[in-house]
Amino acid sequence: MTYQQVQQVQQARPHGGGKWFEQAWALAGPGEQVHGAADGDLSDLIRRVPRRYRRPDMRLGSERALDAVVGLFDLLDTLGDLFESISWGLVRSLRRLLRGRALRGGWQSLAGRFVITVRSAAADHRNDDVVLVSTDRRVLVATHVRGRLVPLGELAHPQLRRVQVRHTWISDRVDLHFEDGSVAALEVNRENLPALPVRP
């Protein structure tokens with residue numbers, strides 16, 4: 001971090017922050033001001049991304065070769081998806097009756113693409129860790145790996161229309177409302193709420 005960036009961080013800290021606030025400045029462009037970095041997880045009510053919507057595996061050929069040794073891995077993955085749908089699907093359906101759907105708008109909506117982006121950060125498409133970095137220009141979508149922030153994508157401010165905090169005594173749910181009317185739910189603890197990009 002340059003001396004100027006350190007000064008910017010110290011000046012901005014009272015307006016928000018979050019655990020990843022200082023690291024978030026490394027993702028910002030020249031002259032871009034970071035307002036907060038809210039750490040959370042995708043809601044466990046969001047099911048696994050269907051195969052047809054998963055992003056291609058971007059690992060090196062040598063890394064992919066380990067997975068390709070036997071087609072058994074693919075079969076086990078498919079069986080795992082089926083088991084999750086049958087077992088956890090019932091529990092998820094009951095919880096959905098009380099809390100509402102955690103993903104609305106489908107996989108091709110802004111919310112769906114947001115979830116795909118986050119989940120695709122892991123080779124098995126199961127990543128749930130997300131950090132929303134709010135700047136004066138945009139909202140950066142990142143995850144963390146081994147204590148470091150890794151950028152995944154970005155949203156223009158108008159695309160994220162509203163953040164609705166729906167905390168209860170048993171849930172830290174926060175709903176992201178997107179420009180196209182779609183919704184994706186996160187779990188964001190109370191300490192991170194001031195760092196969220198926009199609030200009602």
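Because the model is predicted, local features need pLDDT of at least 70 and side-chain atom pairs count only at pLDDT 80 or more, while totals for chains, interfaces and linings use all residues. Residues are numbered from 1 along each chain as its sequence is written, and side-chain values use heavy atoms, with hydrogens and water left out.

**Salt bridges**

Let's start with the charged pairs. A salt bridge here is a side-chain nitrogen of Lys or Arg within 4 Å of a carboxyl oxygen of Asp or Glu. The count comes to five salt bridges, including those in this table.

| Pair | N to O distance |
|---|---|
| Glu 32 and Arg 138 | 2.8 Å |
| Arg 119 and Asp 128 | 2.9 Å |
| Arg 173 and Asp 175 | 2.7 Å |

The salt bridge between Glu 32 and Arg 138 links distant parts of the chain, 106 residues apart: Glu 32 sits in the loop between helix H2 (21-24) and strand S1 (34-42), and Arg 138 lies in strand S4 (residues 138-145). Helices (H or I, at least four residues) and strands (E, at least two) are DSSP runs, numbered from the N terminus. Glu 154 joins these two residues in a network of salt bridges.

How exposed are the partners? With a 1.4 Å probe and protein chains only, buried means under 20% relative accessible area, exposed over 50%, and partly exposed in between. Glu 32 is buried at 2%, and Arg 138 is buried at 17%. In the second pair, Arg 119 is buried at 5%, whereas Asp 128, at 27%, is partly exposed. Asp 175 and Arg 173 are both buried.

**Gly 17**

Gly 36 lies 19 residues away in sequence, yet the C-alpha to C-alpha distance is 4.3 Å. Beyond neighbours within four places in sequence, Gly 17 is in contact (heavy atoms within 4.5 Å) with His 35, Gly 36, Ala 37 and Ala 195.

**Ser 109**

Our last stop is Ser 109, in the loop between strand S2 (103-104) and helix H5 (110-119). Leaving out residues up to four places away in sequence, Ser 109 touches Arg 104, Asp 180 and Ser 182.
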